[in-house]
Amino acid sequence: MRMVDLIETKKHGGELTDEEIRFMIREYVDGRIPDYQMSAMTMAIWFRGMTPRETAELTLAMEHSGDVCDLSAIHGIKVDKHSSGGVGDKTSIALVPWVAACGAKVAKMSGRGLGFTGGTLDKLESFTGFRAALTTEEFAEQVNRLGCAIAAQTGDLVPADRKLYALRDVTATVDSKPLIASSIMSKKLASGADAIVLDVTCGSGAFMRDLDAAEDLARTMIDIGRRAGRRICAVISNMDEPLGYAVGNILEVQEAIDVLRGEGPADVTEICYALGSRMLVLSDICPDVESARSLMKKKLEDGSALARLADMVQAQGGDPELVWHPENMPRANIRKEIAAPQDGVIVRMECDEIGNASMILGGGRAAREDTIDLTVGLILSKKIGDAVKKGETVAVMYANDEQKLADAERRFHGAIDYAPAGTPAERRPVVLRTLD
Ligand code: URA
């Protein structure tokens, strides 16, 4: 078999066989197919797409390109959630202990990630001492005992994705449905969950800007999950503006704690209900979404969801007192209110530009070796559809460097569009569609 023939097939819109796909991934990971040939292939896939069978086979070949997690020591149905990414997404920190308090087993492998803010693991390090590096035995024991753990991946999971993603990043082939779906799903399948709830984001802070494209991606991932024998469903959520008000690591953790106190922003709380209720249904804990929402409400109101976060933090070496007193987390030295430059109604918030403002402050990573400043970021005071007066505060920035603050402020202003006062502005709900 020769890679050049496979590229030729795909270039003309032909279908690759299962054997060809397995050959391509195996030889690429082992270094016998060079990057230049794989680049040509990813570009051919970008233009020609893949059939559902090809996409599923690509995912399985990627899943098995390295270690796969064996979670068989955990009793019952292991459920996980995955978000396709966005700005201000602190959902996992609230949701994982919340659904565990409802009886689910959430064995969550998470990453640090590149991007606007840290990944969930970086955020959890806001709890001084928090340890993400659990052994497989510690991880399973904790999930059996508490119903939840969030830990760094152990072993070498999906090396094919690491190599392919880096290549896609520099060959303008990230935004291809089969390549995104196989990248996300290979990692989810390799992490061993029996049931998966997908949060497919849509809007200016997401890969998918268009609702139908987001649904198409969600359906593709559901199809892959079903072919792999997993229980799976998806929620399509709005990412036209940041989720909640807080963007930045400690600020987001504090907002997640607000959610568990029953005082969180409506959109973050609602996406937790939408995802969590489906996690409970897929885990056979509740017969339907309505009863699952009632159970979640009960566990929020009686304080057990928040208490479970404290238990999880403590079990992983973090300071649980910070769950009860998040105001004691470290703070940035500079606090600056950002004023609206004019009267009007906010009609657009370019989500990824707001993420970039937080990154300029030091809250995210441009390269893997960068260190993150957990204290910096911003808290929005207004969102799409809100009216403002000139000089009124639209956000508060938290920084440790005056120059970075000035750069971030400029970036932030460029992300917001105002229309004349009284102009009606459409604000989409956080849950746009559900695919059960
Ligand atoms: N997230 C991933 O893990 N992979 C993609 O290709 C896109 C988003």
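In strand 11, T393 is the bridge partner of A339; strands, like helices, are DSSP runs numbered from the N terminus (strands: E, at least two residues; helices: H or I, at least four residues). The model is predicted, so that local features need pLDDT of at least 70 and side-chain atom pairs count only at pLDDT 80 or more, while totals for chains, interfaces and linings use all residues. Residues are numbered from 1 along each chain as its sequence is written, and side-chain values use heavy atoms, with hydrogens and water left out.

Strand 7 and strand 11 (residues 393–399) are paired in the antiparallel sense over six bridges, pairing being assigned if DSSP finds at least two bridges between two strands. These strands belong to an open, antiparallel sheet of four strands in the order 6-9-11-7. Because strand 6 (246–247) and strand 7 (334–339) each have a single partner strand, one side of each edge strand is left without a neighbour in the sheet. Helix 16 (residues 351–361) packs on the sheet and touches strand 6, strand 9 (377–380) and strand 11, contact meaning heavy atoms within 4.5 Å. The direction of helix 16 makes about 140° with that of strand 9; axes are lines fitted to C-alpha atoms, for helices over the stretch in contact, and angles run from 0 to 180 degrees between N-to-C directions. Helix 17 (residues 402–415) also packs on the sheet, with contacts to strand 7, strand 9 and strand 11, and its direction makes about 25° with that of strand 7.

A further open sheet contains six strands in the order 3-2-1-4-5-13, with mixed pairing. Strand 3 (148–152) and strand 13 (431–435) form its edges, each pairing on one side only. The twist from one strand to the next averages 20°. Strand 1 (residues 78–83) and strand 4 (residues 195–202) run parallel and are joined by five bridges; S83 has D199 as its bridge partner in strand 4.

The ligand is surrounded by Y165, R168, I180, S183, I184, K187 and F207, a residue being counted if one of its heavy atoms lies within 4 Å of the molecule. Polar contacts (pairs of N or O atoms within 3.5 Å) include one between an oxygen atom of the ligand and the side chain of R168, at 2.9 Å. A polar side-chain atom of S183 lies 2.6 Å from a nitrogen atom of the ligand, and one of K187 lies 2.4 Å from an oxygen atom of the ligand. Taken alone, the ligand exposes 240 Å², of which the protein buries 89%, by the Shrake-Rupley method with a 1.4 Å probe. Helix 9 gives the most to the shell around the ligand, with four residues.

How values were computed. Polar contact = N/O pair within 3.5 Å; in protein donor to acceptor, adjacent residues only side chain to side chain.
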